[in-house]
Amino acid sequence: MSQISRRQAMALLGALGLGASAAACAGPGGSTKPAGASGPAAPSAGAVTGKVSFAHWRGEDKAVFDELIKRFAAKHDGVEVAQDISTSNDYNAQALQKLRGGSIGDAFATFRGAQFKNFTEAGIYTELKDSQAVKNYQKGLLSAGQNGDSQLGLPYQVVFPMPMANLDLFDKAGAEIAPKNWDAFLAMCEKLASAGVIPISWPGGDVGNGGQLFNCMIANNAPVDDMCAQIEQGKLKCTDDWFIKMLNQYKDLKPFVQPNATGTAVEPAQNLFSQGKAAMLATGSYHLAAVRGLGAKFPIDLVFPNTTSDGKGKYEGAYNATFILGVNSASKNQAAAAAWIDFLSEPENAGYYANQTAQHVSVDKVEYTNPDLKRLSPWLQKKTALAARFQFNNLDVRNAVEASATAVISGTSPEQAAAAAQKIVDERL
Amino acid sequence: MSIHPGTAAKRKAPDSAAPANPAKGRRRSPTRVNPALYLFPLPAVAVIAFFLVMPTLQAFQYAITDWNGFSAAFNYVGVDNFVRAFTKDSLFTNALTNNLKFVLLVVIAQTVFSLVLALLLTKNSRGSILLRALFFFPTILSSVSVAFIWKFIYDPNFGLANSVLRTVGVDGGAYLGNDAQALYWVAVTQVWFHSGQMMVVYIAGLQAIPKELYEAAEMDGANKWQQFKSITWPFVAPATSIVVAYTTVQSFKAFDLILGIAGNPPKSSLDILSTRIYSTFANSEFGYAAAQSIIFMAMIALVTWLQRRLLRLTPKGD
């Protein structure tokens, strides 16, 4: 081997350093190109074979998806689906970066709102408008996956972010399950408290779950349906009368939530409910399976905190269409990924998923055999508001606005809490 | 660069006294290093360049852009991100205040507590060794496990703290749910988590102090406090320096503990710089998050330097 001189060695190291610096100084930006003027392309066609990575955050649904994967593999010889599961918080923060390369998440799910918007802007979705799957969905529930004329994702789950009620405790206390207005709702809480139970178990120490009650509280208080988007844009303010009124209603709830509610995480809140110590769990129907898992045997229904004074509110409840399924535009196996989404969207398979996970789905013609889902099915026909908190695209704004409600429950005056929230909104306008 | 003409001439001029076969006749200087050896650090240099230098340089570059983390388009915004952090973002200044408060609390409490433990357990008796192992035990746990353990302890409904208090007729509190107190409770957890580790550093320092010094001091009539002040404290200064610096960095970066105990995103009373940067990143403000990271890095360096200057923990001559 010919020797190199010290000067050559130093030059080589220097070149390496310069190369690293030059690479570092290359502009930001990624490989995934945003959709052009012609819009995103449909998933490429081809043989349904090879490996498919399915990225999502529902660890609790893993076993159900495993069974569905088995059925899918039996239908398509040579295909293999692997789940890539993150916690919901990590998925919210990191999924976009992980999926852009295309090696993870040939098929994937997103949350409604900010995450869907970011994925859309990053051009991760393919066009599913003409797919087989889209025909299986209830048309009215597809909007959360649309961007203009494009159907980029398919909102798979329908959940009700409304307090769940222990019907046995309601019966025992003689409390009305469907209060017509705010006074009736408070009277109902009073009856439950008189019967010796905590009326509402609220996980105020958990931002994500504690914020679900906000969807109900704001639905009939706000002057417009896109109130959260307008708060973020500065068109509406947290210091507006309607918002202060809503915070005052939160203040009304203070005597009816468990002591030290702002320090309660979601698991203890679920325990209070499943052990029969609390009559309501103010999270949503997506916790049905969890509370059953904790041993809750009682019949469960939903309660809508109707915030109107005359009972003439626009909405009778709140719902969210989420777990938006999509096919990754950077995937090298789009055909198989699209086939997996088609498979999940077939009524039989969607029904299996729904009944096993105790969650309603947006797929049409699904037969609900799970007793909880059967009982809650009438809510699918009611006039429910699409969960407002997911209109926020800026998570700092969302957290600040929702934190105003938590602050009120912990003793801050509604006016002060509203002003603190508005300050953060103003900084981000 | 200029080359001395004489030197160049010397290099070019053939050495008339040199033998015909240079390999055989040229004497190698014993201090001369084979240039090929300079290639040996190449893998390490490459790793450092790609995994340390490059990301750091990129962070500086991103910090002056409004890049959202995924778009191909971005704008250079100069120092706007840095100005925004200090003047137009109360969430960032709140996280900075929380973090400084947290660092101060933990550094003082952890340093004092670990020194007290070390003083009590310096002797190598069986009991001491057992207790040292016991106090060191939390250190080997993952921070996420610690967070979940303490989350349970602090739970106001089923938690250990309130259950114990209820047995003696006290109602207990909301702990993490009380915005005015939450940071202090997390500081307690942090001190519990790392004091054992710092105790070991102190024990090593204490065991290195010559016993003769204490014997001489006793003969001179010095009481325990005087012995501590005049012998122990000056001699454990290097250990204190390590403990304080390590605890500072640890407290600035208590990311996983806070996220585990307070959830993601943590509420504003528990938001510290690392969790704020993560929230900004998750909020698709990559450029701004990079600027916050640089401020964070500078803050750790500044606080560590200030501590060393103010506490003067390095003995003279070191």
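Reader: What is the relative accessible area of A:Glu67?
Author: A:Glu67 counts as partly exposed. Buried means under 20% relative accessible area, exposed over 50%, and partly exposed in between, with a 1.4 Å probe and protein chains only. For A:Glu67 the value is 25%.

Reader: What kind of model is this?
Author: Residues are numbered from 1 along each chain as its sequence is written, chains are lettered from A and ligands numbered from 1 in the order in which they are written, and side-chain values use heavy atoms, with hydrogens and water left out. Local features need pLDDT of at least 70, side-chain atom pairs count only at pLDDT 80 or more, and totals for chains, interfaces and linings use all residues; the model is predicted.

Reader: With which residue does A:Glu67 form a salt bridge?
Author: A salt bridge here is a side-chain nitrogen of Lys or Arg within 4 Å of a carboxyl oxygen of Asp or Glu. An α-helix has 3.6 residues a turn, so residues three or four places apart point the same way. The closest N and O atoms are 3.2 Å apart, and the partner is A:Arg71.

Reader: How many residues apart in sequence are the parts tied together by A:Lys98 and A:Asp84?
Author: The closest N and O atoms of the salt bridge between A:Lys98 and A:Asp84 are 3.5 Å apart. A:Lys98 lies in helix H3 of chain A and A:Asp84 in strand E2 (residues 79-85) of chain A, so the pair joins parts whose separation in sequence is 14 residues.

Reader: Which residue of chain B forms a salt bridge with A:Asp396?
Author: The count between chain A and chain B is two salt bridges. In the one that A:Asp396 forms, the closest N and O atoms are 3.1 Å apart, and the partner is B:Arg276.

Reader: Which helix gives the most residues to the side of chain A that touches chain B?
Author: Several helices of chain A each supply at least two residues to that side, among them H1 (6-24), H16 (395-409) and H17 (414-427). The one that gives the most supplies nine residues: H1(A).

Reader: How many charged residues does the side of chain A that touches chain B have?
Author: Ala, Val, Leu, Ile, Met, Phe, Trp, Tyr, Cys and Pro count as nonpolar, Asp, Glu, Lys and Arg as charged, and the others, Gly among them, as polar. By these classes, that side of chain A has 21 nonpolar and 21 polar residues, and its charged residues number ten.

Reader: What area do chain A and chain B bury between them?
Author: Contact means heavy atoms within 4.5 Å, and 52 residues of chain A are in contact with 50 residues of chain B. Buried area is the accessible area (1.4 Å probe) that two parts lose on being put together, summed over both. Of the area here, 58% is on carbon and sulfur atoms, and the total is about 4,200 Å².

Reader: Which residues does the salt-bridge network that includes A:Asp396 and B:Arg276 link?
Author: A:Glu427 and A:Lys423 meet in a salt bridge (3.7 Å, N to O). Being four residues apart in helix H17 of chain A, these two are separated by about one helical turn. The network links A:Asp396, A:Lys423, A:Glu427, A:Arg428, B:Asp89, B:Asp271 and B:Arg276.

Reader: Which residue caps the N-terminal end of H5(B)?
Author: Helix H5 (residues 90-120) of chain B has 31 residues and reaches 44 Å from its first C-alpha to its last, close to the 45 Å expected; the expected span is 1.5 Å times one less than the number of residues. At its N-terminal end, a side-chain oxygen lies 3.1 Å from the backbone nitrogen of B:Leu91, and that oxygen belongs to B:Asp89.

Reader: What is the phi of A:Phe323?
Author: Most residues other than glycine have a negative phi, and most peptide bonds are trans. A:Phe323 lies in strand E11 (residues 317-327) of chain A and counts as buried, at 0% relative accessibility. Its phi is positive, at about 50°.

Reader: What is the omega of the peptide bond from B:Asn264 to B:Pro265?
Author: B:Pro265 is in the loop between helix H13 (255-262) and helix H14 (273-282) of chain B. The bond from B:Asn264 to B:Pro265 is cis, with omega near -5°.

Note on methods
Polar contact = N/O pair within 3.5 Å; in protein donor to acceptor, adjacent residues only side chain to side chain.
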